Amino acid sequence: MNKKLVVILIGPPGSGKGTQAGLLADKLNLYYFETSKIIEHNVMSAGKNDYVTLDRKKYFLSHEREFWRTGVLCTPAVVSWWVQNKFKELDGEGKNLVIAGSPRTLDEGREVMPLLKRLYGKENIKIVEITLSAEQTIWRNQRRRICELMRHPILSTRKEFLRLTHCPLDGSKLIKRKGLDSPESIRVRLKEYKERTFPLIQYFKKEGFGVGKVNGEQSVEKVFKDILKQIKS
Ligand SMILES: [Zn+2]
């Protein structure tokens with residue numbers, strides 16, 4: 001018997017939500033739903049003149065790609081549309097989920113949460129906020145690299161990671177993400193994160209979703225344990 005479960009991890013860039021989502025996916029057999037990958041996949045595969053019409057408004061996907069490149073969040077309505085399409089696809093496959101970084105905004109939350117609630121049930125949706133100071137966010141992101149093959153994030157929070165040139169998991173080369181991790185871009189993303197996340201958390205609480213909080217400045221293992229505790233409570 002498989003109990004339904006959706007875990008939603010919220011946190012600033014560099015809070016390790018991707019790493020934690022990967023660990024949770026392995027431990028609890030969840031589908032790792034990574035919004036940034038879905039956005040990246042969609043912006044990169046968009047043709048020059050591709051557009052989508054949502055609520056009678058036309059959005060050009062080449063504009064979304066430009067937002068994405070410069071570190072500004074993509075249009076919430078478009079992201080929400082991409083995300084909901086993916087949820088429906090996964091629902092068809094009967095999968096439980098761990099979601100990192102979605103919904104990002106109040107508008108996305110209002111669109112996505114009713115759908116998730118309908119598919120999985122409110123009591124089976126666990127939201128965990130991973131907290132990180134501004135200094136830590138900037139420090140971590142400036143040093144962040146990913147592997148070329150699988151995009152494993154290498155958060156250089158320890159000295160030995162800074163010396164790595166290849167992915168410890170698959171041996172592929174470590175690279176910096178183009179444009180996304182420059183200090184200016186990080187500051188823009190952090191400001192956006194703060195402005196948009198606060199009302200989202202208020203919305204979750206008002207709607208009666210369980211929202212837990214975990215200190216993201218601890219070791220990966222400790223953060224993981226704290227998240228598991230939150231999920232089971
Ligand atoms: Zn790798």
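Predicted model: local features only at pLDDT ≥ 70, side-chain atom pairs only at ≥ 80, totals over all residues.
**Entry 1: domains.** I looked up the domain assignment, which gives domain 1 as 6-36 + 76-133 + 185-232 and domain 2 as 145-180. I then noted the separation of the two C-alpha centres, which is 23 Å between domain 1 and domain 2.

**Entry 2: length and course of helix 5.** I compared the length of helix 5, residues 106-120, with expectation: at 1.5 Å a residue, its 15 residues should span 21 Å, and the end C-alpha atoms lie 20 Å apart, which agrees. I noted a kink of about 30° at Val 112, shortly before the proline Pro 114. Just after the helix, I found Gly 121 with a positive phi of about 90°.

**Entry 3: burial of helix 5.** I asked which residues of helix 5 are buried. They are Glu 108, Gly 109, Val 112, Met 113 and Leu 116. An α-helix has 3.6 residues a turn, so residues three or four places apart point the same way. I next looked up what covers these buried residues, and the cover includes strand 1 (6-10), helix 4 (76-92), strand 6 (125-131) and helix 8 (183-206).

**Entry 4: strand 6.** I found six of the seven residues of strand 6 buried, so the strand is largely enclosed by the rest of the structure. I then turned to its pairing. Strand 1 runs parallel to strand 6 and is joined to it by five bridges; Leu 9 has Val 128 in strand 6 as its bridge partner. Strand 10, residues 210-215, also runs parallel to strand 6, with six bridges between them. There, Thr 131 is partnered by Asn 215 of strand 10.

Key: Residues numbered from 1 in each chain as written. Domains from an automatic or database assignment. Helix = DSSP H or I, 4+ residues; strand = E, 2+ residues; numbered from the N terminus. Expected span 1.5 Å × (residues − 1). Bend = angle between axes of the 7 residues up to and from the residue. Buried ≥ 20, exposed ≤ 12 C-beta atoms within 10 Å, placed from the backbone. Contact = placed C-beta atoms within 7 Å. Pairing = 2+ DSSP bridges.
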